[in-house]
Structures are given as structure tokens and as C-alpha cells.
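Please examine the sequence and the three-dimensional structure shown here, and then follow the explanation below.

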Amino acid sequence: MVLSACGGGNSGGGILPAGSPTQSTGSPSAQTPTSSVPKTAGTLAYTDMGAAPQTTPVSVTLTLNYNHQAQLDQLVAQQADPTSPMYHHYLTSDEFNSYYAPTAQQEQSVIFALQRAGFTITQQYSNRTLIEASAPAATVESFFSTQIHMVNQGKFGARYVNVKPAVVPAAIAPLVHAVTTSNVVVAHTGAHVQSALSLSSLIASTTMPGVAHIPAQRASRKLTLSPQVKTREAMLAKYATPFATGNVIGNPGFESGAFSPWFPCGNGYATIDTSDPHSGHYDAFTGNLANNLGEEYGLDGVCQQVTVPTNGQLSFYVNEGTSETSTYNADQEADLFDANGNYLTNLYTENGNTNGYVHRSYNIGAYAGQQVIIFVGIYGSGSFSDYNYVYLDDASLTNGSSPTPAPSPTPVPTATPSPKPTATPSPKPTATPSPKPTATPSPKPTASPTPKPTASPTPKPTASPTPVPTATPAPTPTPVAGGTCTGNADNGPLSGSNGWLATGVAKAFDYPVQHGCNGAGETVAVEIDTPINTSDVAGYLSAAGITQTGTITNEAVNGGGNASSADYTETALDVETISGLAPGANIIVYNFPDLSSQSIEAGYNQTVSDGKASVVNSSFGGCESSDTAFTNTTNTIAEQAAAKGMTFVASSGDSGSDECGTGNNPPGVSSPATDPYFTAVGAVNFTDTSAGTLASITSGSDSSNGFLSGGGVSTIFALPSYQQGVANMVSTGRNDPDVSLPGVGVMVYANGSPMQVDGTSWSSPEFVALMAEANQLHGSPLGFINPTLYSIFTKTGYTDFTDVTSGNNGAYNAGTGYDLVTGIGAPKGWALANAL
């Protein structure tokens, strides 16, 4: 779904247009339903394993066309237009379903066609927007004229994907907007975790804090060293200075394309790899990516012998995955051995599925002056049905200034603004779809709309379902002007040893909570693939000095998410951010099995069908062009949400301008943030005064953690009307982000422990909290906020925003006015909330 009016009926008046449309099947009947072959990249890349067995169960999702599409486009535009009588007049779910949603008969036509072909219907929704079904691969291939292959998606295991675009049969094609026949993971979370542990407390123990058990045989392990190790003394000499201040690890990022002075150790199967570097072009890989390859037996990894400097601070990045759930059987780990390969101590042990690189840091100053062998790798039981792996990159060992360095939540900005943003980036948009909303729709609303039932669709099912007549909804009443804000201001510590806390953001960006608007009476939704443990939220709120009065509930979609998922830190970040900044708001965590397109679509559609939340958060994303069916479907669902007064928000990505992993040739952006009906939120670094007010601000980045705030130009969606006429806009596509908020150095409490996290995954829930408070202030939902944001900006400039003029995200620079790094800039919370 795009923001342009694309046919589909006569215009009418009122909150629901009167009169029968000339075309009742939504978008023009000649429109081809959207299907794509998912092409994921980076940590989401997959390896084709060949044709799927014909009996392989395959799930499919069909998104149906709305009725009266042109009128829906007009209505959503009018709801965001202060000069329109329809301004902030939103539809109830019943009203939307009675006029714009696919009719019951249209839905049944598609269902009957699927059932006749051998599909089992697995899920229907009250808004009749999605149909979920399953069938053997042979049935899916025959019905959709496609081919299904099995793929190995690394840490995500065995998946299936259509290697040809699915073709919807002609009989139901006019009813179908998009179809998804793949379950590959298309998005990743953006919580970049930083860790800092001291080794001094671990010298006499083989039990790590937070690790339930480390095999008892670990202390008796001896590392297998090749004969070549004994000949390395001359080469090691230059890395063995006890009081070195630089990095004493040689070839720290494997950028020589070879191991030396690293070496494969243990089983000796480690390899130099180019598929998933944290930075540069190379990394080291150990293990197997899929269970059909079997798990290694014993210890395997990469090693380097060094002399530990005074206050030695060891750090490195790892990307891990495993099907194992107990460290009794297998693990990923890092250890220290002496120069003869005898075990010294364990740095960490886990069954990790990190969903991207994580940073690990340890102080090993207790071994200063000694030669040790650093080992990073895996331990396996040899199971034929499991997999276990680790990627390693960007290691360092330096003369740390203290045994337990404290992370700094106060990055220093550059004083002088960077050059203006590039006028014309490389990516060119595709011709279709063209999301251009009607700026001033000519149809005028009337006082008493009387929508008529839609006609029967052209395709006829074999069975004879009884059409359900549409209702005649009344217009939504005029919203009450002004709400009640009597809550307490956030007044806890600004930050702690693990980063920024809620009050630090609330004061620096003047959140409405500081003026009594704490989100009371509002409900927000968090979309993610794992539920929240409220004990972690309690731990965070205690540290932040915040008392929450809102509720937190988990809502499982399609069976729900895995509570032990590596994405749990993201869930904790989202919920804790909102509960800290808007402690009066109610939070529903819509959790689903994974971040595949079908799961995310189901999560969104369930949220919109329920209609409980006024603001919806998405702290995940993936390359926009990797799955265009997903991109179009999410935007379609977000338009329905807009008509109901809901605000959809998404993080702009954490890979700068290179979300698609092309080395910026061309640049790529993150979906769903670039969907025109989403508000895209980028990240900033900031400093504050001793009183907590904003002192300085730059674009969001953290070179130590590989984080760059995302932004760029869509190649799927054209420039929407709300961005047209804004200075510095690139005219070739939807510009991203819209606004930015802090994204570097926040404290998160997850799995019972505090940690520090970076990412636009923090920025997005910050904006969600701000919108919940703004809704409370105005006494009604503000809905689709993008046209209003840009209208305020073009009229009053930086009265309600702070311009961010320093920093870059790779291909683009921050500068005066709108830019592709931070968007308009950072909201001034209270001022913007009043201006909305």
C-alpha cells in the first residue's frame, strides 16, 4: 500500500464516504499482487541448500486489498489536516471493517480457493486483512507457480524461501494485495550490547556470574597446540612488551586475509571468513552453521599468544549461534591458557544466539607480565542433529587505566557543523509503487454518511458463502480538547555506571512527563519476538528511581516468542524505556515466534485488529529491498492503523547508510522505517549540564560498538506529500529518518543484570513514550503524525526541534535543516507536544 490514490471508487463524504464505489475490490483490478524473492544480506544472509522436499510444511500469508482505496487515502490525509472537518476523526475497528476492510464474502472467496487446492487455514483476523495458511511444498509450488528451496540462514537455522516470485491465481488475484511464501528472517534488532567484566574475581573459580554451569572437566582441559607455535617466539617479541599502551594483539581484525600471528587451535578447523565481518573484510569462523552438518566434538577455535600488559584490558566482538540449550553439552567460550596450553581460566561460556555481533570486554591485569594464550571458540559434543558456531573480529589487548573501566554515557560532540547533506544519492526508486498522497482531496465530508454494502467480488467460490452486509457506522465524535496531566515528574538519577537513565533523557529533552503528562490512560504496543520478564523492568525502574503506575502485559501472537531468545535484551530495552519515560502508560508486548516477514505482519495485524494501543513501537529492521512484499504489507497495515488513530514508529537502523551491506554502493535503508505510514526515528549522542539540561548534540554513533544511526532514501516508496517542499529533501524517494532521539549509552536491565546498550532501538521507544504523553496532553490520539511533524517544522523551524548539524552515517552528513542522518532533528518534548 502506498500513499498515492490508486483508484478504487467514487469519493463520498463524512467519516465514511457515502455511495457505492465503482470498484469494490480495493486497488485497480489490473494490479498484480506483490510477491518477491527475499534476498537478505549480512547477518541475515542465507545459503541455498536446494529444492525443498515436496512434503515440507510451508506457511503462507496473503494480504487482501482494501475496498474504496482512494477514499481511504483521502480520509487518512484529511485526518492529519487541521483545516479538514475530518481532522482527528478516527474510525473504530467496526467502522473500518464495515466499509474499507475486505468483506466477509471476499475473504471467503480466497479461503475457499486455498482450501480447494489443499491448504489448511491456520489464522484469520477480525479485520479480514490477512489470511494465514499452510500446505506441503508441492501444493504451494503448484498453486502459486513458484519453487520452494531450503536454505541455511546461519544462526537462524534451516528455513525455506520461494526462489521465484509467487503468482496469485487469476480467480482471486483482484482480491490479493501481497503474498508471502517464505519464513526467512528479514529483520534484526538493533540493541548493541556492551559488557565489561573483571577477571580478578574469577581466578580461583570456574563459575561465571550469570552462567548456571560450566562443565567440571574444563579445568582439566589442555589446548592442542601445533608444532608451529614453538617457532613463533621471534614474531611474538614485538607484541610482548609488558607495558605497551597500544594494541598488543597482532592482526586484530584478520585484515591480512590470513591468521598469523593468530593460529587455529583445538581441533584446528577454524577458517578465515569473509561472509560476516564486524568491520573491514575478514573475520575468523569456527563451527558449523546448520544441524545437517553436525556439531564439532571437543574444543575448536582461534588462539594468539601474547604477554599481558599492566592493567591488561582485553576486548573483542563475537557473533554466535547454536541449537544447543545447555552448556553441559556444548557452548561458545573464551579462555586463557598458559604458553604450554594448560588451562588458566574461563572468560565466558554460553549457548549464545546473539543475532549479530556483541562486544565483550575483560580486565586480565592479574596476568600482567605473563605469556598467555587467548582462546575464542566453541566446545561441542559431536551431536549430528545440532550446530554451534562463533565468528570473531576486532580484538584488542591494551594497557587499561583501571581494572574496571566505567562506560561513559556522555559522548563529546564536535563543535563545528559538518558539510551539508549530499543532494542526490545513488539509489533510484522503482517506478511502482508510487506513494504520493493526495495533498488536498477534493471530496468534502458531509454530516451524515451512509455507506452502502459492497458488491460481490468478481471471482466466485465453488461453495456458496452467504455475503455479510456491511453496517452503517456513525461518524466518530469530535475529540475532547485537552487532557489531564497531574503525574509526577521523573526525578531519579540522570545516569549510572551502565549509562543513561530515564530522568537524564526526560530532563535534557524536556519530556511532557516533567510537566505532569506521564502517559496515564494511554496504551502503547511493543512489537518483538520475545516476551518481557517484568522483574527486569522492576530492576531498571529501581535503579532509575521511577515509580510505574501503568500496566505491562504480554500478548502472544501465533504461539508467541521465545523468552530465552537472544533478542530479549531488545524487549527489555523497549519496555524499560517506555516505562521510565512514560510511567503512567500501559504497555502490551505483542510477541511472535521470530522476525520473519510472516511473524511481523501477524504481530502488526493483531495489534491493529485489537485496537487497544494508540502508539506502536518497532525496534527492528532489515534491508528495504530484501523483501518488497513485506515492505508493502507492513505499509498497508500501517495505513489501516492511521485511519484508526494509531501512530506506527520504527527505528531507522544501526548500519548508517549501508543497511543492505553493499559498502554504500549503493546506499541502503531499513524497513519498515521507510514505510511512509511509519515515523522513522534516528539516533543522536548528547551531553547535559549538571542540572540535566541539554548541553550539546551530534548524530548517533559509537565506533567502539560498530553503531551508526541509519538514514537514506527509499528505493521502494516515492517522496510522500508531507516531505515535498521541505528544504534539503532528496526528491527521488521517501527520505529517512523523520526525527532523532538519544541512541548511545543507555542502561538496560536484562536477565537480572544491568548492561549498556546503543542503537536506534533506544530512540524508537523514546519517541513512542513522547507520543503517549502528547496523546494524554491533547485528550485524544494524534494518529498518523508525519504530516503534522513536517507542517510544524516548515512553519516554525526549530522552535519545537533541536537542529543536529554534526556527524555522519557513512554516505550522508548532518547539516543545517533536514538531513539524511538525523532528519528534522531532535524533538523539544514539551514544546512539540503542545504544537501537535
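Helix 4 is mostly covered, with six of its eight residues buried; buried means under 20% relative accessible area, exposed over 50%, and partly exposed in between, with a 1.4 Å probe and protein chains only. Helices (H or I, at least four residues) and strands (E, at least two) are DSSP runs, numbered from the N terminus. The model is predicted: local features need pLDDT of at least 70, side-chain atom pairs count only at pLDDT 80 or more, and totals for chains, interfaces and linings use all residues. Residues are numbered from 1 along each chain as its sequence is written, and side-chain values use heavy atoms, with hydrogens and water left out.

The buried residues of helix 4 are Ala137, Thr139, Val140, Glu141, Phe143 and Phe144. Their cover includes strand 2 (57-64), helix 3 (104-117), strand 4 (130-136), strand 5 (148-152) and strand 7 (176-180). Thr139 counts as buried because its relative accessibility is 19%. Leaving out residues up to four places away in sequence, Thr139 touches Ala117, Gly118 and Phe119, where contact means heavy atoms within 4.5 Å. After helix 4 comes Ser145, whose phi is positive, near 50°.

The protein as a whole has 13 helices and 40 strands. Of its 836 residues, 62% count as buried. Among contacts with a separation of 6 or more, 80% are between residues 24 or more positions apart.

Consider next the interior. A nonpolar core is a set of buried Ala, Val, Leu, Ile, Met, Phe, Trp, Tyr and Cys residues joined through side-chain atoms within 4.5 Å. The largest such core has 126 residues, of which Phe509, Tyr511, Phe648, Phe767 and Leu836 touch the most other members. Helix 11 (residues 760-778) supplies the largest share of this core, nine residues. The core lies between domain 1 (42-66 + 101-184) and domain 3 (498-777), because both give residues to it; the domain bounds come from an automatic or database domain assignment. Apart from this core lies another, of 29 residues, among them Leu347, Tyr362, Ile374 and Leu397.

Strand 28 (residues 647-651) is also mostly covered, as five of its five residues are buried. Thr647, Val649 and Ser651 are buried on one side, and Phe648 and Ala650 on the other. Two strands pair if DSSP finds at least two bridges between them. Strand 26 (residues 615-618) runs parallel to strand 28 and is joined to it by four bridges, with Ser618 opposite Ala650. Four bridges also join strand 28 to strand 30 (residues 678-688), again in parallel, and here Ser651 stands opposite Val681.

Aromatic rings complete this account. Rings of Phe, Tyr and Trp (its six-membered ring) pair if their centres lie within 6.5 Å; planes under 30 degrees apart count as stacked, over 60 as edge-to-face and the rest as tilted. A search of the whole structure finds 27 aromatic pairs. The rings of Phe316 and Tyr362 have centres 6.1 Å apart and planes at 35°, so this pair is tilted. Phe316 in strand 15 (residues 312-322) and Tyr362 in strand 18 (residues 358-363) are 46 residues apart, and their pair links distant parts of the chain. Both Phe316 and Tyr362 are buried. The rings of Phe337 and Tyr343, with centres 5.9 Å apart and planes at 80°, are edge-to-face. Phe337 and Tyr343 are likewise buried. One aromatic cluster is formed by Tyr677, Tyr722, Phe784, Tyr790 and Tyr818.
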